[in-house]
Amino acid sequence: MWTCKNLWKKLAPLARSSSTLCRQNARGVLFNNERRLPLVPQAHMSSGTPGSGGDNNLYYLLVGATCVGGGFYAYRTIKGDKERYQERINEIASRPNKVVPEQPITEAPGEQAAETPQAAEPATVAPAEVPAPTPVEFPSHAPYLLIGGGTASFAAARSIRARDPGARVLIITDEPDLPYMRPPLSKELWFSDDPSVVDTLRFKQWNGKERSIYFQPPSFYVSPQDLEKVENGGVAVLTGKKVVHMDVRGNKVTLSDDTEISYDKCLIATGGIPRNLQVIERAGEEVTKRTTLFRKVEDFKALDKVSRDTKSITIIGGGFLGSELACALGRRSADSDLEVIQMFPEKGNMGKVLPEYLSNWTTAKVKSEGVAVITEALVKAVSFKDGKVEIKLKDGRVVKTDHIVAAVGLEPSVELAKSAGLEVDSDFGGFRVNAELQARSNIWVAGDAACFYDIRLGRRRVEHHDHAVVSGRLAGENMTGANKPYWHQSMFWSDLGPDVGYEAIGIVDSSLPTVGVFAKATAKDTPKAATEKSGTGIRSESETEGTANSPVASSTPEPPPVPEQKDNYGKGVIFYLRDKVVVGIILWNVFNRMPVARKIIKDGEEHADLNEVAKLFNIHDD
């Protein structure tokens, strides 16, 4: 029957074209002679003379063949259906317990009903349950779609809802957790006295107040399946799902399970992935499973367990994360037999950020916490021998340990760039966006993954909590039509325990010229005292709203500043210069002065005497 069907497809166009040709020839003759042709005798038309007689015969032949083929196809189809129907009836009739053919899916309940009359009533209910639709776990469309469940996404969601109270916002995250803040994972959680902290994820801030790492409790969010139904909109979080493809033209994304969700406006806040050393990646499975790349809640839980079950942990990396974890684990080692080692290629802790003298002072501080610090350490090879991880350095030194924590930086997560056709910056990494954090007309990027244009300092990419808050908030505002450029200088902070901390803003690079102005610290010049005063442990939450239109220096008499005092850097201000203009500032144990620092960078002026500028921070006040 398929042969006849194919024959019809091939012959039908030819038949139609032949008929059309005959009619066109006839009309053409009439118009060309401008008179009606005499009727041709019937016998003459069928004579088959050159002209149109042969075409008519071919037309009749094709039509006839088509009819025969169509009839044969219909006959075969009806006959086949009849045979299949009879086979089905015979198969049903051959069953031990016959079931009504109209309800074949109730065979099992039918058998139970035949055995026990009491089960007959439940059996009649079963068919009604089978066709019930499967509950939808998430909406097929979201007016505001936020990819990533970190700080930037939550800040954007809150900003969108503030400007559009009825907005429906869907956050998609590949993590199993609701949006949470990351800083406590390497800071306060390690200093908690609560043995259940890994389960509760609640901690005491330096000011003694307790809070959770989660921004909001589960009751704050709308369930994804109800997002389209709620009257006043809301924020829903789809956890454990990863966006693997973006169709920018079709305004939709594809999840790892091939589910598609469309959107009107989209934010990419995918954050980053911890980098690893190639020598560790090539070292084999035994080394890999004894290595932690610290980033998420599950990494904190895993490292907490390792610190209680092993004898030695080596941290590779001397930046913010590596130094914070070293101090935290070192403080814990005082109550156990845990050996904590930190190694990095620089001459001192945070050597890429702090000037050398302050980096050396910080290294001494880390050592005082019980950490064995190995400077100028370049890892050459890593292997597993005799139940220990063996780290060989290029200068020949060998370190044996039970576990490695690789804290060597962050790689922005830009996997969606290829499918979405978005540009990745070749210098800084991350999605390249404009000053409004916009990558396309309806796509924005915020947080660690955004390489944005700073109208004051040029193109940048920042990997800090406060930047995630600021950029997420701005992206959310622009998604609702604000059209604001990124002008706010975000800050970042790091604490080496409750006694030493600093806040920074702008470009802080130890390769730049610096000027430091220091003073003697007092009991109130600590992170703990700062949070007691501000009432919050996440300092960016209190300072990002602050402004400093006209900073005023202290009215009390001030002694002359003594820059770079010998081993006495209790508190102070470090200015980073580029072309004699301040582009970055670190406030060392000086807190709640960030609006002043922000205004200095925003003004972009050249200062003849930075000692006078330092007075604006009141560092000599007792």
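A: A definition to start with: the expected span of a helix is 1.5 Å times one less than its number of residues. Helices (H or I, at least four residues) and strands (E, at least two) are DSSP runs, numbered from the N terminus.

A: Two notes on the source. This is a predicted model, where local features need pLDDT of at least 70, side-chain atom pairs count only at pLDDT 80 or more, and totals for chains, interfaces and linings use all residues. Residues are numbered from 1 along each chain as its sequence is written, and side-chain values use heavy atoms, with hydrogens and water left out.

Q: What span should helix 12 have, and what are its end C-alpha atoms apart?
A: Helix 12 covers residues 356-368, so its 13 residues should span 18 Å at 1.5 Å a residue. Its end C-alpha atoms are 19 Å apart, which agrees.

Q: Which of its residues are buried?
A: Y357, L358, S359, T362, T363, K365 and V366 in helix 12. Buried means under 20% relative accessible area, exposed over 50%, partly exposed in between (1.4 Å probe, protein chains only).

Q: What covers them?
A: The cover includes helix 11, strand 12 (339-343), strand 13 (371-374), strand 26 (514-519), strand 27 (571-578) and strand 28 (581-588). Contact here means heavy atoms within 4.5 Å.

Q: What comes just after helix 12?
A: G370, with a positive phi of about 95°.

Q: And helix 11, how many of its residues are buried?
A: Eleven of 14, so helix 11 is mostly covered. Among them are G322, L325, L329 and R332.

Q: New topic. How many cavities of 30 Å³ or more are there?
A: Two. On a 1 Å grid over the protein atoms alone, a cavity is a set of points where a 1.4 Å probe fits but cannot get out; lining residues have an atom within 4 Å of a point. Grid points are joined across faces, edges and corners, and a volume is the space filled by probe spheres set on the points.

Q: What about the largest cavity? Which residues line it?
A: Its volume is about 50 Å³. G149, G150, T173, E175, D177, L178, Y180 and R182 line the largest cavity.

Q: Last one: D258. Where is it, and is it buried or exposed?
A: D258 lies in the loop between strand 7 (252-255) and strand 8 (260-268). D258 counts as exposed because its relative accessibility is 65%. D258 and V243 are 15 residues apart in sequence and 9.4 Å apart in space, C-alpha to C-alpha.

Notes:
On a 1 Å grid over the protein atoms alone, a cavity is a set of points where a 1.4 Å probe fits but cannot get out, and a pocket is an open set with protein on both sides within 12 Å along at least five of seven lines; lining residues have an atom within 4 Å of a point.
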